[in-house]
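User: I would like to learn how to read a model such as this one, feature by feature. Could you take me through it slowly?

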Amino acid sequence: DGLLMRLGKEAATHALSLYHLCLDERVPTSARAAGVAALAYLAMPADLVPDVLPLVGLTDDAGVLGAAVINLASNLSERHRRLARRTLKSLLG
């Protein structure tokens, strides 16, 4: 895998970890809400820096994803990460 592919898989794994955190009823509502907000921002086509701009278009998305993972780290369990890796593997084949 090339560097961009590895970075893409890493970002996808983080996003899927947040997704699984949001589905986990054992996680506090405030943490789940923050996860939903971060994922919604990633899914929005119109955001702070338009995604269609070469190179810089995804920097705000990466920043939001990174901040969410850091801020929710105490709520992200190894189970969430394992489920994310399994989901990514099933999506990529």
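Analyst: Leaving aside residues up to four places away in sequence, valine 49 touches Val56, Gly57 and Asp60, where contact means heavy atoms within 4.5 Å. This is a predicted model, in which local features need pLDDT of at least 70 and side-chain atom pairs count only at pLDDT 80 or more, while totals for chains, interfaces and linings use all residues. Residues are numbered from 1 along each chain as its sequence is written, and side-chain values use heavy atoms, with hydrogens and water left out.

User: Where does valine 49 lie, and what is its relative accessibility?

Analyst: Valine 49 lies in the loop between H2 and H3; helices are DSSP runs of H or I with at least four residues, numbered from the N terminus. Buried means under 20% relative accessible area, exposed means over 50%, and partly exposed is in between, with a 1.4 Å probe and protein chains only. Valine 49 has 22% relative accessibility and therefore counts as partly exposed. Its C-alpha atom is separated by 8.5 Å from that of aspartate 61, which is 12 residues apart from it along the chain.

User: Which residues does aspartate 51 touch?

Analyst: Aspartate 51, placed in the loop between H2 and H3, touches Met44, Pro45, Gly57, Leu58, Asp60 and Asp61, again not counting residues up to four places away in sequence. With a relative accessible area of 28%, aspartate 51 is partly exposed.

User: Which residues make the nonpolar surface patch?

Analyst: Patches are made of residues with over 30% relative accessible area and no salt bridge, like charges being joined within 9 Å and nonpolar side chains (Val, Leu, Ile, Met, Phe, Trp, Tyr) within 5 Å. Here Val52, Leu53, Leu55 and Val56 make a nonpolar surface patch of about 450 Å², the accessible areas coming from the Shrake-Rupley method with a 1.4 Å probe. Leucine 53, one of these residues, is in the loop between H2 and H3 and is partly exposed, its relative accessible area being 39%.

User: What span should helix H2 have, and which of its residues are buried?

Analyst: The expected span of a helix is 1.5 Å times one less than its number of residues. The 15 residues of helix H2 (residues 29-43) should therefore span 21 Å, and its end C-alpha atoms are 21 Å apart, which agrees. The buried residues of H2 are Ala31, Gly35, Ala38 and Tyr41. They cover an arc of only 125° around the axis, so they are on the same side of H2, the arc being that of the directions from the helix axis to the C-beta atoms. On the other side of H2, Thr29 and Ala43 are exposed, whereas the cover over the buried residues includes H1 and helix H3 (59-71).

User: What do the buried residues of H1 pack against?

Analyst: The buried residues of H1 pack against H2, H3 and helix H4 (78-92), and among them are Leu16, Ser17 and Leu18. For H1, 21 residues should span 30 Å, and the end C-alpha atoms are 30 Å apart, which agrees. Serine 17, found in helix H1 (residues 3-23), counts as buried because its relative accessibility is 3%.

Technical notes. Helices (H or I, at least four residues) and strands (E, at least two) are DSSP runs, numbered from the N terminus. A salt bridge is a side-chain nitrogen of Lys or Arg within 4 Å of a carboxyl oxygen of Asp or Glu.
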